[in-house]
Amino acid sequence: MVGTDVDRTGLNRHMSERGALRVRLDRLVREVAKFGAVGGAGLLVNLLVFNLVRHTTPLPVVRASVLATVVAIAFNYVGFRYFTYRDRDKNRRTKELSLFLLFSAVGLVIENGVLYTATYGFDWDSPLQSNVFKFLGIGVATLFRFWSYRTWVFRTLPGPGPSGPAVASSATDRALARARQRTGRS
């Protein structure tokens, strides 16, 4: 019977780890969906402002794009703070906003660097080409922004650990830690 207890403990541990992994994956999928919803709305804002400025003002294409990106950054901050990451730590807003603006500026350079290269490096400056490369630049910058915002800007709240509070890198990590604690693993 001792072998049976060991087998059950191993099975329970395996099932707990699978359950915790499933919880982590489910939360990540929800986070990506929320990020995508806000980002999709921000994409529309970005492209609408870009085309409006491009076709109604004498601003060069990249300057019009930078202006549109700045408007979209402001729109996205509100969406991320109050929708996507509303459950995250709200006690350090000044630092959060500073980091958001820093990483958004890097994203702005990535996004508009693609458009700049297409426009001035390859002379692809038709309205269709500008929109294609603007969209491509947004896509590349979005990958960077997703990683940087979830890692550095909208941090999770500290969760209780076995020896007091511990800072988890995400809510899903806390769920995994609780599952391990229940099974006696560290």
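The following questions and answers go through a predicted model of one protein chain.

User: How are residues numbered, and what limits apply to this predicted model?
Analyst: Residues are numbered from 1 along each chain as its sequence is written, and side-chain values use heavy atoms, with hydrogens and water left out. Because the model is predicted, local features need pLDDT of at least 70 and side-chain atom pairs count only at pLDDT 80 or more, while totals for chains, interfaces and linings use all residues.

User: What percentage of the residues of the protein chain count as buried?
Analyst: Buried means under 20% relative accessible area, exposed over 50%, and partly exposed in between, with a 1.4 Å probe and protein chains only. The protein chain has 186 residues, and the buried part is 34%.

User: Is E96 buried or exposed?
Analyst: E96 lies in helix α3, residues 93-121. Its relative accessibility is 1%, so E96 counts as buried.

User: Which residues have side chains joined to that of E96 by polar contacts?
Analyst: A polar contact is a pair of N or O atoms within 3.5 Å; within protein, one must be able to donate a hydrogen and the other to accept it, and residues adjacent in sequence count only if both atoms are side-chain atoms. Contact in general means heavy atoms within 4.5 Å, and beyond its neighbours within four places in sequence E96 is in contact with Y77, R81, D89, V153 and F154. The side chain of E96 has a polar contact of 2.6 Å with Y77 and one of 2.4 Å with R81.

User: At roughly what angle do the axes of α2 and α3 cross?
Analyst: Axes are lines fitted to C-alpha atoms, for helices over the stretch in contact, and angles run from 0 to 180 degrees between N-to-C directions. The axes of α2 and α3 come within 10 Å, and the crossing angle is roughly 145°.

User: Which residues in α4 does α2 meet?
Analyst: The axes of α2 and α4 are 12 Å apart, and the helices pack at an angle of about 35°. From α2, the residues involved are V61, S65, A68, T69 and F80, and they meet S130, K134, R145 and Y149 in α4.

User: What is the relative accessible area of D123?
Analyst: D123 is placed in the loop between α3 and α4. Its phi is near 60°, a positive value in a residue other than glycine. D123 is exposed, with a relative accessible area of 63%.

User: What distance separates the C-alpha atoms of R155 and R92?
Analyst: R155 is in the loop between α4 and β1 (159-161), and R155 is partly exposed at 27%. R155 and R92 are 63 residues apart along the chain, and their C-alpha atoms are separated by 9.7 Å.

Key. Helices (H or I, at least four residues) and strands (E, at least two) are DSSP runs, numbered from the N terminus.
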